[in-house]
Amino acid sequence: MGIFSNRSLTPAEKLQALIKDNPTHPFLLNYKQQFVHEVRYTRFYIGIVGFVLTVAMVIVFVEFDLVETSFFLWPVSALIMSLFSIIQYRQTRTYILDPHTKTYTFMLGDRVVCKSKFHNVYIRLRKRIDSGTPYYYLIFNGYRIDKLVLTAASRKYLDLRAVGQELAANLNINYFDEANVSDHHRVIHLRSQDDDMYY
């Protein structure tokens with residue numbers, strides 16, 4: 001091991017390492033030869049943590065006979081909000097890419113939200129500005145689906161662009177660069193005139 005072996009990886013390097021192990025990361029191949037990715041909303045897990053903490057607070061308030069104080073409303077309110085968050089965001093988001101029919105499906109729980117063709121889904125390089133400094137990250141997005149953030153933000157947009165283009169090629173979907181008009185787009189699926197606008 002060299003002296004630089006403990007250097008932390010950039011977001012592009014992390015995604016590149018994951019793609020090396022699984023060329024279609026975060027999608028996995030299922031028995032139907034479709035690429036599938038299932039994920040829960042982050043707010044679901046935040047709700048669980050909040051629920052556990054507020055239950056503990058309510059127990060402390062009851063144990064120390066503080067139920068009749070006005071401060072007891074705080075943990076009870078937080079408990080209700082946490083429970084609401086768990087119920088609201090309990091469903092698993094499922095993204096399915098079918099390379100045979102060149103269609104994708106987005107589901108919430110067992111409900112199909114959208115099924116459409118590959119020209120409506122893509123990998124894209126996005127930019128955000130923090131304190132005047134541009135940072136870039138990759139997303140998987142499309143028509144009527146929840147955006148899926150693939151990397152953390154980084155200033156190294158050239159590396160993110162390269163790995164984003166590679167992942168899009170592996171999944172056989174379009175890649176769009178940060179600018180709306182760019183020579184770096186990799187468009188392999190176009191909507192035909194026979195297609196409905198959103199299918």
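1. Two strands are taken to pair if DSSP finds at least two bridges between them, and the strands themselves are DSSP runs (E, at least two residues), numbered from the N terminus. On that basis β2 and β3 pair in the antiparallel sense over six bridges, with phenylalanine 35 standing opposite leucine 97 in β3.

2. This is a predicted model, in which local features need pLDDT of at least 70, side-chain atom pairs count only at pLDDT 80 or more, and totals for chains, interfaces and linings use all residues. Residues are numbered from 1 along each chain as its sequence is written, while side-chain values use heavy atoms, with hydrogens and water left out.

3. The sheet as a whole is open and is formed by five strands in the order β1-β2-β3-β4-β5, with antiparallel pairing. Its edge strands are β1 (28-29) and β5 (111-117), each of which pairs on one side only.

4. Strand β3 (residues 92-98) is mostly covered, since six of its seven residues are buried, where buried means under 20% relative accessible area (1.4 Å probe, protein chains only).

5. β3 is also joined by six bridges to strand β4 (residues 103-108), and these two strands run antiparallel; arginine 93 has leucine 108 in β4 as its bridge partner. The hairpin of β3 and β4 has four residues between the strands, and lysine 102 in this hairpin takes a positive phi near 55°.

Terms used
Buried means under 20% relative accessible area, exposed over 50%, partly exposed in between (1.4 Å probe, protein chains only).
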